[in-house]
Structure formats: structure tokens, C-alpha cells
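Welcome! Take a moment to look over the sequence and the 3D structure, and then let us walk through some of its features together.

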Amino acid sequence: MATITEQQQNLHIFFFPLMAHGHMLPMFDIARLFATHGAKSTFITTPPNAPLFSTKIDRDRSLGLDIQIQTIDFPHSQVGLPESFSSSKSITSPEMAEKFVKAFALFTNDLERLLQLHRPHCLVADMFFPWATDLASRFGIPRLVFHGTSLFYLCVDHSIRAHQPHRHVSSDAEPFVVPDVPDRIELTRGVLGDDPEEFWEEIRESEAKSLGILANTFYELEPNYVDHYKNKLGKKAWEIGPVSLCNRSVNDKLQRGENQHHHQYHRCLSWLDSQKPNSVLYISFGSESHFSRAQLGEIAMGLEASRVPFIWVVRTTSSSEVDTNADDFLPNGFRERNEGKGLVIIDWAPQVLILDHEAVGGFLTHCGWNSVMESVCAGVPMITWPLYAEQFYNEKFVNEVLRIGVRVGNEDWCSWTDEINTSVKRDKVERAVVGLMREEEEKKKWRG
């Protein structure tokens, strides 16, 4: 075991993520990793989110790790969001999303108060808080940026913004080649998203003044892009992933992101224990993707036609619509016809534990970076169905760089605040599922 130096023991680091599960979970893992190496880690979040992490912190502290939570209030009244709002998961409309973004700049005073009180040696702050670099500098400490994505994405995004290749195509559907990156990558203008350029410019300027970035990746996964980012673009980055691997015990994996629904663990795992190795497809589109009933119906019928065993985590626009009964929004008789062959889970499932199970042979995913990394760590190939944000970039990385997946064929960039109704029909779902789960020789190659 490595010896912890006195300097490491005295080092105190603040970790401040965006109030979104896809950002909070990996940054909390990073805080725990720093604590295991002897640093004092302080994780900052809002009171409604603190219980998601308190059990793990209590367990870590009992093992001698110096880790704690500090809370700051969310500015509900200042931006016009309800008191019940806790994270991006609570957003149900574009108007709420705009108010959420407006709140980003209103945490400055509370964070400054905590910095003044605790005087840490470093601030790790989410990319969506560009003001954090100047705030840290006022206290004479460095700021590290957390993006929560791959260096592949950062390299491709940098090239697109620098060279503007999408300006030279005639339509949103016409492909263009991304220049000056290690691989031949084609994208279309339609999947680049519509975020305001001014905000991204502010983020890039803040990052340029910071110490660098922490990346949830590892060199062996994307060596050409790590080298390109550091050497060709001249940017500072520390690849410290896969951060989810700090969750080693069953309890750690089970409590990653939820302290409720633990009954789902026993239900999922006991069902998986009854299945053959590599036979089950796991389906989840993340914590914030809500499909229309029509699109859920297409997924259901494609799954049924594939005759592949599955675990499917379903979320709808309003959790109150469905409670714990999936029959209201799945095709008539779907559950009965697939009794024993498929398991439908509402809202949440222990993803890391499911992917680790020997019965799971594939993952139908929205290509959120956390899900990609967890699938890679479990050695599970993917069916890619990107929806928004940088997910279409991640699909390219999975299928064309790593070559460990197949596309379902979605070309529709969606707003993450809207009900999702893409053009993916049941035949595409069936074809992708059969292609991934029944091509044994290909699966052997993916699993190495």
C-alpha cells in the first residue's frame, strides 16, 4: 500500500458538481478517490441531494477517510423554480431548463462563503460554473474543471469550433468530415445541438485560465485523443478514470445515485441469476430521458420480435402517470407475453451491478459518458441510441474508434427537456438487438 505523505494528509479539496446525476455521481466518485489517497475531500451540493451521498460518506468516514458534505441552498425563489426542485431530473419543460441555467451564476456568494470559512487548497468545479476560476483565484488557489465526458469529444468539439466544417454542407443531414483529429470522423449538422455559443465561449475562456481538467477516462481507452488533447492542442488534463471503479462493494454499487428502491436489487439480481451467461440485453436511457408512449411501444415490439431476454428500465414524462405499473404505457399484453423472458423496471435499477452480472451480454444505451464507461468496465458491448448533448459524439467513439457497438440508427437530435419521439421503428430495434446479441463471433471479439 502506498504511503500517505504529510503533504497529502494536509491537502484539502472542494468538489462542486452541477445538480445533475450525470455530473454529481462521477464527481462524488472523484472526491472519494482523492480521500482514499489521503486528501481531505469536501463535496458540495444542495440539501435535497445530500442524502444521495450521506450513507457512503458515513461508511467512508468509519473507515478513516477524511470526506464530508457541505450544503448550499438552491436559489429557487430567485429564478422562479418550485421549492421541490432538486436537480436537472426535476425539469419538465424548456422554461424550467432556462431557469435552471440562470441559477448557475447564483451560487457564487454561498461558495465564496465556504471557501472563506474552510480555506481549501484546490477547487474542482463543474464546467457549467465558469465563474469558479476567477472565484478560486481570489483565494489564491487553483481551479480544476470537470467536464464529465471523453477527451475524444473535447478534441472533436474543438476541431468543429475551430474549423467550422458544418458551415460547408447544404443541409442538416449531409455529413461532413471533422478535420485535424486522429481518426476519420463524420458527423452531420443536425446532431451538433443548439446550445448558445456565448455560453460555451465563456466556459472555454474559464477553462483556459484554470489549472486544467479532470477527465473520467484512462489512457489505454483513447490514447490518440489523450495525446492530441495534451500535445497538439496544448491543453492540461489528468485522466483519472474509470472513477466508477472506486465502488467495489455491493453496497457501494447499490447506493450509487439512490438510497431507495433497494428492493429492485434483489428482483433484478435474482432474475439475472436464472438466465444464461451473456444472454440478457440491459436497456436504459439515463436518468433524464423520457420517451413518448408511441416510441416506448416501438421499443417494446422490437424487443419482443428479437426474442432476446431483457431488463428494461423505463421512465416516462411524469412518474406519477405510472406509479409502479408499466402496463399503462406498454403495448397491450406485452408484459404477459414476455413473462419470464423480460423484466421491466420503473424509474431506477442498480446499473453497475446489472452490467457486472455474467448473464448480461449487451447494453442498449443513450451513450451518456458515465454509461459508456460503466459498460466498458464491465466488458459489455453496446447498442447505441444517442439523444442529445454530446451523445452522438460518444456513439462515434464507441462504434468507430473502439468498435464495440452497433447503431440502432437514430438521427434525431432531441431536446432533453421534451418528451422523446424519434423516428426509430420496431424493425430497427429488432435488427440492432439481434445483430448484437446473436452474432457470437462478433461478441467474442468485443469481449477480447
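## A first look at the model

The protein chain has an average pLDDT of 90, and 91% of its residues score at least 70; pLDDT is the predictor's confidence in each residue, from 0 to 100. In residues 318–324 the pLDDT falls below 50, and this stretch has eight contacts in the model beyond near neighbours in sequence (contact means heavy atoms within 4.5 Å). Where pLDDT is low, the predicted coordinates should not be read in detail.

This is a predicted model, in which local features need pLDDT of at least 70 and side-chain atom pairs count only at pLDDT 80 or more, while totals for chains, interfaces and linings use all residues. Residues are numbered from 1 along each chain as its sequence is written, and side-chain values use heavy atoms, with hydrogens and water left out.

## Aromatic rings

The structure holds 27 aromatic pairs. Rings of Phe, Tyr and Trp (its six-membered ring) pair if their centres lie within 6.5 Å; planes under 30 degrees apart count as stacked, over 60 as edge-to-face and the rest as tilted. Here are two of the pairs:

| Pair | Centre to centre | Angle between planes | Type |
|---|---|---|---|
| F16 and F107 | 5.9 Å | 75° | edge-to-face |
| F100 and F104 | 5.1 Å | 80° | edge-to-face |

Helices (H or I, at least four residues) and strands (E, at least two) are DSSP runs, numbered from the N terminus.

F100 and F104 are both buried. Buried means under 20% relative accessible area, exposed over 50%, and partly exposed in between (1.4 Å probe, protein chains only). Ring pairs join a cluster whose members include F16, F100, F104, F107, W131 and W200.

## A buried histidine

H228 sits in helix α10 (residues 223–232). Its relative accessibility is 9%, so H228 counts as buried. Apart from neighbours within four places in sequence, H228 is in contact with C155, D180, V181, P182 and L233.
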